[in-house]
Amino acid sequence: MENEQMTGLNENEAPMCGFLCVHPDILDNVRRTLPDDDTLLNVSELFKVLGDSTRMKILFVLLVSEMCVCDLSQMLGMSISAISHQLRILRQSQLVTFRREGKTVFYALADEHVRTLLSQGIEHVQE
């Protein structure tokens with residue numbers, strides 16, 4: 001109760017700055033480095049795609065080896081149709097790419113950025 005009287009906050013409220021002040025140097029630095037709204041929207045959409053556990057499984061399998069839809073279907077115990085649907089979303093988000101070998105299409109991670117994102121995600125949650 002004494003702390004609540006001193007700060008004007010109860011324990012469920014976030015603390016505020018003790019003084020009403022603005023730090024222009026901090027604000028200017030952040031404004032210079034903050035991505036534009038379109039870029040932030042695109043990053044947000046990327047994380048929505050990554051927010052699906054089935055798509056994450058596919059990506060982590062492809063982190064180890066490129067695979068065709070049939071191999072992915074077998075590996076993940078899902079129908080070819082379900083895998084194809086998820087791969088379409090991953091392709092549209094530029095997270096996976098494909099190559100043809102005869103009639104077979106092999107899928108792989110799109111680039112090193114995707115590999116890094118997945119590896120760092122695993123490292124972060126395992127700490």
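**Cysteines and helix H6**

Me: How exposed is Cys21?
Reply: Cys21 is partly exposed, at 37% relative accessible area. Partly exposed lies between buried (under 20%) and exposed (over 50%), with a 1.4 Å probe and protein chains only. This is a predicted model, where local features need pLDDT of at least 70, side-chain atom pairs count only at pLDDT 80 or more, and totals for chains, interfaces and linings use all residues. Residues are numbered from 1 along each chain as its sequence is written, and side-chain values use heavy atoms, leaving out hydrogens and water.

Me: And Cys68, buried or exposed?
Reply: Cys68 is buried, at 11% relative accessibility.

Me: Which cysteine sulfur is closest to that of Cys68?
Reply: That of Cys70, 4.8 Å away, which is too far for a bond.

Me: Switching to H6. Which residues are buried there?
Reply: Ile83, Gln86, Leu87 and Leu90. H6 covers residues 80–92. Helices are DSSP runs (H or I, at least four residues), strands likewise (E, at least two), numbered from the N terminus.

Me: Why do you say the buried residues line one face of the helix?
Reply: Down the axis of H6 they fall within an arc of 105 degrees, so they line one face. The arc uses directions from the helix axis to the C-beta atoms.

Me: What is exposed on the other side of H6?
Reply: Ser81 and Gln92.

Me: What do the buried residues of H6 pack against?
Reply: Helices H3 (37–50), H4 (53–64) and H5 (69–76), plus strands E2 (96–101) and E3 (104–109). Contact means heavy atoms within 4.5 Å.

Note on methods:
A disulfide is a pair of cysteine sulfur atoms within 2.5 Å. The expected span of a helix is 1.5 Å times one less than its number of residues.
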